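Please consult the sequence and coordinates shown here alongside the text.

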Amino acid sequence: MNHEWPLFEVFVRAKRGLNHVHVGSLRAADHTMALHHARDLYTRRNEGVSIWVVRSDDVVSSGPDDKEPFFAPSGDKAYRHPTYYAIPDSVPHI
Amino acid sequence: MLDFEDTIARDQRIEPRDPMPEAYRKTMIRQIAQHAHSEIIGMQPEGEWITRAPTLRRKAILLAKVQDEAGHGLYLYSAAETLGADRGDLTTRLIEGRQKYSSIFNYPTLTFADVGVIGWLVDGAAICNQVPLCRSSYGPYGRAMIRICKEESFHQRQGYELLMTMMRGTDVQREMVQDAVNRWWWPSLMMFGPPDGDSPNTAQSMAWKIKRHTNDELRQRFVDMSVPQAVSLGVTLPDPALRWNEERGHHDFGTPDWDELKRVISGDGPMNAARITRRRQAHEDGAWVRAAAAAHARKKAS
């Protein structure tokens with residue numbers, strides 16, 4: 001066995017008002033240890049106020065091959081964007 | 001692979017699940033692993049001085065620095081794992097001598113002045129090498145390098161400050177600093193790798209944008225940066241050929257002993273065997289801790 005511990009993905013909230021952002025991964029025996037390791041590894045200089053850890057094998061992601069069917073539909077729905085609508089320049093605040 | 005070539009051409013990043021040529025994947029794993037190993041082995045030369053630091057302040061600084069090196073190694077193993085590598089397997093390769101690390105860590109740290117000179121010159125050279133890598137075409141590597149570069153700046157400055165303090169001290173302390181500079185200058189120049197004419201992989205790495213400047217360009221930049229710093233400090237760089245070249249707008253300097261670099265890389269440096277022995281010992285000594293933590297986690301989960 002090469003490694004005894006599973007892989008965890010780490011997300012850090014840099015400060016109040018911001019989202020948690022993915023910063024990397026680490027190995028730990030369980031979630032509690034993963035949190036402690038994440039604190040030691042990714043927040044040595046006040047980089048965060050909150051941490052999430054998630055087992056890497058619990059993450060489900062879209063693949064690069066999904067690009068067309070998965071993300072294409074929004075491309076032909078221009079009417080979802082405000083610039084689609086022509087409004088005269090003389091109309092204020094819109 | 002059209003997507004890959006196109007992404008590189010547009011100077012965009014390659015992300016873990018994107019299609020990539022097998023040779024790119026292998027090269028990236030090797031580059032990131034060697035870099036990670038260098039950070040981990042790099043804890044040893046300075047770690048020797050933690051218990052012998054002259055003041056509590058210097059001890060706290062050195063502890064924080066060595067902890068950073070461990071952190072850098074872990075950021076990089078994390079990046080390597082996004083390419084399908086396994087960090088346990090990479091550690092095995094390091095311990096068995098199948099993967100390399102930077103030649104610089106195979107030199108001994110004889111006095112406390114070495115701690116300062118490593119910060120100033122070795123970390124200075126590392127910064128020269130690493131800043132362009134923040135723009136590596138491989139996304140996770142570039143992002144790890146951004147974190148690392150932010151922290152390296154503290155490493156270099158603490159080293160230079162340490163040396164300034166010693167230079168204000170006694171004659172013996174000033175001699176220690178000069179002696180350390182004499183021993184570390186040439187190995188620091190070797191950190192940039194062999195001369196361009198003798199670096200067969202450079203062209204491919206530049207094309208893939210995993211290397212942004214040639215070895216000789218970076219070496220020149222490092223020499224030009226270091227000369228005024230040496231003057232400020234009051235030390236002499238041990239190279240009689242070192243002088244300003246008005247025409248080129250750069251310093252001319254002597255040729256490092258490339259045979260020495262080859263010897264040290266191939267395992268025959270002063271400290272190669274000791275570094276690997278120590279790393280293997282730490283890995284073996286930690287085995288029961290890793291096993292116990294895993295057993296505890298299993299027990300709690302059931």
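In strand 2 of chain A, Arg27(A) is the residue that stands opposite Leu7(A). The model is a predicted one.

**Sheet of chain A**

- Strand 1 of chain A, residues 7–13, pairs with strand 2 of chain A through seven bridges, in the antiparallel sense.
- The open sheet comprises three strands in the order 2-1-3, and its pairing is antiparallel.
- Strand 2 (20–27) and strand 3 (50–55) of chain A form the edges, each pairing on one side only.
- On average, neighbouring strands of this sheet are turned by 25° against each other, direction ignored.
- Helix 1 of chain A, residues 31–42, lies across strand 1, strand 2 and strand 3 of chain A. The helix runs at about 110° to strand 2 of chain A.

**Second largest pocket**

- The second largest pocket has a volume of about 1200 Å³.
- Its lining consists of 34 residues, and those nearest the centre are Trp5(A), Ile40(B), Leu74(B), Arg279(B) and Arg290(B).
- From chain A, strand 2 and helix 1 each give two or more residues to this lining. From chain B, the elements that do so are helix 3 (43–47), helix 4, helix 5 (87–95), helix 12 (272–285) and helix 13 (287–301).
- Helix 4 of chain B provides the largest share of the lining, namely six residues.

**Asp68(B)**

- Asp68(B) is located in helix 4 of chain B, which spans residues 56–81.
- The side chains of Asp68(B) and Arg45(A) make a polar contact at 2.5 Å.
- With residues up to four places away in sequence not counted, Asp68(B) touches Arg44(A) and Arg45(A) of chain A, as well as Glu151(B), Phe154(B) and His155(B) of chain B.

**Ile95(B)**

- Ile95(B) belongs to helix 5 of chain B.
- Apart from neighbours within four places in sequence, Ile95(B) is in contact with Ile276(B), Arg279(B), Arg280(B) and His283(B).
- Ile95(B) and Gly71(B) are 24 residues apart along the chain, and 19 Å separates their C-alpha atoms.

Technical notes:
Residues are numbered from 1 along each chain as its sequence is written. Chains are lettered from A and ligands numbered from 1 in the order in which they are written. This is a predicted model: local features need pLDDT of at least 70, side-chain atom pairs count only at pLDDT 80 or more; totals for chains, interfaces and linings use all residues. Side-chain values use heavy atoms; hydrogens and water are left out. Helices (H or I, at least four residues) and strands (E, at least two) are DSSP runs, numbered from the N terminus. A polar contact is a pair of N or O atoms within 3.5 Å; within protein, one must be able to donate a hydrogen and the other to accept it, and residues adjacent in sequence count only if both atoms are side-chain atoms. Contact means heavy atoms within 4.5 Å. Two strands pair if DSSP finds at least two bridges between them. Axes are lines fitted to C-alpha atoms, for helices over the stretch in contact, and angles run from 0 to 180 degrees between N-to-C directions. On a 1 Å grid over the protein atoms alone, a cavity is a set of points where a 1.4 Å probe fits but cannot get out, and a pocket is an open set with protein on both sides within 12 Å along at least five of seven lines; lining residues have an atom within 4 Å of a point. Grid points are joined across faces, edges and corners, and a volume is the space filled by probe spheres set on the points.
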